[in-house]
Amino acid sequence: MDLDDLNCIQRHLRTNSIDVHPTEKAIIINYELEASLVGDLGDTMLEESRQLQKIIRVKNLDEWTDIKQLAKELIEKCDLIPASKYNELTTLLHYLQTRKEVATTRPQTALSDRMKNMLIDRPDSETRDTTEEAVIDKLDHYIELLYEDLPEKIKGSLLILKLSKNSENLIELTTNETLVCALARVLREDGKKSLELAINIVFIFACFSNYSQFHITISQFKVGSICFDLVECELTREDSWIQELNEKKALAEGHYNLTAQADFEKSLKRYQLLIRKQNNLLRVVYYLLLNLSEDTKVEIKMVNKGIIRLLVKTLDRDSQELLLVVVLFLKKLSIYIENKNQMKELSIIEKLAPVLSLTNENLVSNTLKLMHNLIFDNQLRVVVIKTGLILKLVTFLSKDKHTKTVLTILYQISRNDKWKTLFSYSSECIHLIVSKVLNPTPNTYNEIISLAINLALNQRNAQLMCDNSYLNELFVKCFETKDPLLLKLLRNISHHDDPIKMLFIDYHKQLIEIMVNETKEEIIVECLAIISNLTLTQIDWYSLFIEYNLFEWIYERIKVGNTTDDDIILQLAIFIGTAVNQRECCLCLMDNKIIQLLIDLLNAKQKDDEIVIQIIYAFYMFVRHSEARDVIVKDSQVAPYLIDLMHDRNKDIKRICDATLDVIAECDLDLASKIKEEKFCSHNKQWLEMIESQACDTIDQLNNGLDESLIYPELLIKTDLLNDSSSDNLSDEHSIQQSMQAMSLSIDGSDEPVFVSTKKHDIIPALVTTAIKRPQTGYKNRSSTATARVNN
């Protein structure tokens with residue numbers, strides 16, 4: 001049927017119920033609108049109904065108001081209230097008249113009140129103001145102004161902005177499709193023509209964006225996309241303004257032309273005014289986009305369109321209010337590694353450095369939080385170091401508001417050993433950190449003690465931590481609280497050589513007493529570590545072992561089958577290595593059969609490289625005493641174990657074994673020969689494997705009946721050099737060494753191979769195939785301090 005056949009549309013209104021507004025002085029009318037299309041013959045072609053709601057505000061209602069007269073006026077003026085509802089309406093109005101004021105409840109918000117106040121409660125100084133009061137009942141008139149010329153559009157948008165700042169009007173404004181559509185259209189068509197108009201309209205949408213339930217309305221009219229175009233346009237304008245301004249400045253300075261100078265000054269003032277207006281627009285736009293980015297899908301779209309590039313470019317501006325919104329937005333985006341990498345490419349750290357010098361505490365606080373998100377990237381940490389921000393960050397430690405964030409940033413920097421020295425350039429920095437360890441601010445103790453523990457690994461920092469009786473105060477607090485983290489700090493300080501170690505002599509007995517009587521393993525470990533670091537001749541270890549019965553205490557913890565934690569076992573091995581440096585203590589430990597305990601422990605913990613290294617180091621310290629060396633060589637299995645460990649994959653284990661076996665070889669000639677042979681096999685392993693492989697091939701060829709002359713090309717000739725019946729030219733030791741040097745192959749990268757001896761009868765056994773087929777023990781690789789101690 002054609003549209004011409006349809007005569008009219010009939011509408012019917014049916015009032016369903018009347019109720020009071022829950023928070024305002026208003027009557028809510030729930031009604032139903034029925035619409036039907038009627039043809040020529042009066043038949044209904046199409047019917048549709050919709051549930052609607054109307055709010056009638058009665059703000060002037062007070063205790064002196066005549067309720068009955070007010071009810072009659074409402075029925076006369078509003079067709080939706082039938083006369084039959086008079087009594088009900090009177091009752092509702094009386095209820096509103098006597099009801100106590102209820103706090104206004106706002107729609108569910110997506111952001112905190114602080115975020116909303118940052119923008120909404122701040123009037124725009126650059127926007128043209130009007131004395132006309134905005135009234136919600138004149139909304140249709142304001143919408144009509146949006147269809148007039150530019151001045152009327154600015155006026156209409158400003159009046160609508162005044163309405164939108166009142167949260168009570170937002171529902172009515174956002175449900176008015178005509179209004180939202182007109183605002184979006186004007187912003188798209190005329191937003192680039194007038195900064196004032198663009199600010200007003202974007203401000204209106206920013207008020208809507210404070211509440212999550214209105215985000216759909218904003219997205220429906222593609223306001224976010226329009227705002228992106230506005231930002232790109234304004235930033236491009238700024239570049240052209242700067243270029244024009246520089247040209248006028250060069251012209252004014254080059255020819256000393258008064259006219260050109262005046263023109264430049266006039267352009268500069270105009271540029272500064274436009275920049276201020278731009279800052280206001282960008283602030284409102286970024287605030288709107290920040291609210292919309294609550295939806296992760298919308299945020300991803302923004303990132304794909306280049307929001308990070310626009311935000312980082314805006315960091316060059318000097319408006320602190322604009323920078324606050326930009327930093328908040330970047331902080332939200334920086335939690336994703338892809339966004340962080342993009343910020344790194346745009347050199348964000350260099351742009352954030354000047355922001356830290358501004359006076360806005362809220363801006364500085366959020367900038368530090370943004371840097372905290374970025375500092376986990378090692379390359380960005382390098383940039384922070386190069387820009388000299390460490391000393392700047394340290395100055396914020398005195399402000400409680402920034403302390404926790406700054407500490408986490410400094411902690412990440414302190415993880416690199418090369419950068420720990422930077423903190424010692426200012427002694428006040430280390431003293432401030434130690435003072436905060438002793439008197440921490442609330443909820444920052446873990447951060448400050450962690451930073452101090454890292455910095456104490458640097459010797460200069462450790463020395464500064466011991467100044468001004470700080471070490472004594474640390475020990476006093478440690479003995480009172482028995483804090484494991486504080487003990488770990490003292491442990492790292494004690495790691496350094498004299499004169500720092502000498503400062504610990506006054507406290508070693510108290511540490512041993514805590515160690516013996518304590519039941520918490522973490523405290524025992526730290527006390528053991530501190531005592532083990534005190535490699536001082538001034539300490540009488542033998543007397544301490546007797547006084548505190550340390551022999552039995554150690555025996556109970558390292559005997560096989562005990563459930564002692566591996567960390568304690570490791571520290572006990574280190575402690576034994578430190579104590580046996582004293583002769584009396586060494587002999588006493590020998591009498592208590594500590595050697596056999598260490599051997600049993602070596603068998604039980606052979607997969608733990610660090611424990612193995614420290615046990616071998618303890619053997620090394622034992623054999624340095626002649627009395628203990630004889631017992632270890634003749635009455636224990638230490639030497640065979642060390643010989644076997646020479647073939648270990650861990651280079652630190654091999655190095656300490658070599659040093660220990662060198663000492664053993666000096667007192668036992670039989671073992672010396674075997675040790676030399678094993679060293680030769682270990683050092684020239686690759687070459688010997690090649691010889692063994694060629695020998696096996698030779699045997700296979702002989703078994704196949706081949707001619708012997710084809711079997712031994714140069715092998716028999718070279719091995720004949722070692723025979724006692726060889727030519728006279730090879731009889732001297734120098735010739736033998738040259739021949740072996742030509743045959744051997746070093747695997748350690750040294751220029752010269754290792755030989756067992758220069759005597760022929762000592763070299764021959766090293767080439768026997770049975771000496772090659774020695775099983776090797778493989779262990780994990782770990783770092784160790786024992787190697788350094790042996791080298792020292």
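**A helix pairing and its surroundings**

Reply: The crossing of H35 and H36 is left-handed (the near helix is turned anticlockwise from the far one by less than a right angle; clockwise would be right-handed). Helices (H or I, at least four residues) and strands (E, at least two) are DSSP runs numbered from the N terminus. This is a predicted model, in which local features need pLDDT of at least 70 and side-chain atom pairs count only at pLDDT 80 or more, whereas totals for chains, interfaces and linings use all residues. Residues are numbered from 1 along each chain as its sequence is written, and side-chain values use heavy atoms, with hydrogens and water left out.

H35 spans residues 638-645 and H36 spans residues 651-665; their axes lie 9 Å apart and meet at an angle of about 140° (axes are lines fitted to C-alpha atoms, for helices over the stretch in contact, and angles run from 0 to 180 degrees between N-to-C directions). The two helices are therefore oblique to each other (under 35 degrees is roughly parallel, over 145 roughly antiparallel, 65 to 115 roughly perpendicular, and the rest oblique). On the H35 side the contact is formed by Ala639, Leu642, Ile643 and Leu645, and on the H36 side by Ile653, Lys654, Cys657, Thr660, Leu661 and Ile664 (contact means heavy atoms within 4.5 Å). Sorted by class, these residues comprise 8 nonpolar, 1 polar and 1 charged (Ala, Val, Leu, Ile, Met, Phe, Trp, Tyr, Cys and Pro are nonpolar; Asp, Glu, Lys and Arg are charged; the others, Gly among them, are polar).

A second pair can be set beside this one. H13 (residues 307-314) packs on H14 (residues 320-333) at an angle of about 140°, with 10 Å between the axes. That angle makes H13 oblique to H14, and the crossing of H13 and H14 is left-handed. From H13, Ile307, Ile308, Leu311, Val312 and Thr314 meet Leu322, Leu323, Val326, Phe329, Leu330 and Leu333 of H14. The contact of H13 with H14 holds 10 nonpolar residues, 1 polar residue and no charged ones.

The buried residues of H22 are Tyr445, Glu447, Ile448, Ile449, Leu451, Ala452, Ile453, Asn454 and Leu455. Their cover includes H20 (400-414), H21 (427-438), H23 (459-465), H24 (470-481) and H25 (484-494).

Between H21 and H22 lies Asn443, which has a positive phi of about 65° although it is not a glycine. Asn443 is exposed, at a relative accessible area of 65%. Lys482, in the loop between H24 and H25, likewise is not a glycine and has a positive phi, of about 50°; with 36% relative accessibility, Lys482 is partly exposed. In the loop between H25 and H26 (508-517) stands Pro499, and the peptide bond from Asp498 to Pro499 is cis, with omega near 5°.

Cys527 is buried, at 0% relative accessibility. Cys588 is likewise in no disulfide, and the nearest cysteine sulfur to it, in Cys585, is 6.6 Å away. With a relative accessible area of 12%, Cys588 is buried.

Elsewhere, Ala250 sits in H10 (residues 223-255) and is partly exposed, with a relative accessible area of 48%. Gln261 is 11 residues from Ala250 along the chain, and the C-alpha atoms of the two are separated by 9.7 Å.

Finally, the whole protein contains 43 helices and 3 strands. Of its 792 residues, 49% are buried. Among contacts between residues at least 6 apart in sequence, 71% join residues at least 24 apart.

Notes. Buried < 20%, exposed > 50% of the residue type's maximum accessible area, 1.4 Å probe, protein only. Disulfide = S-S within 2.5 Å.
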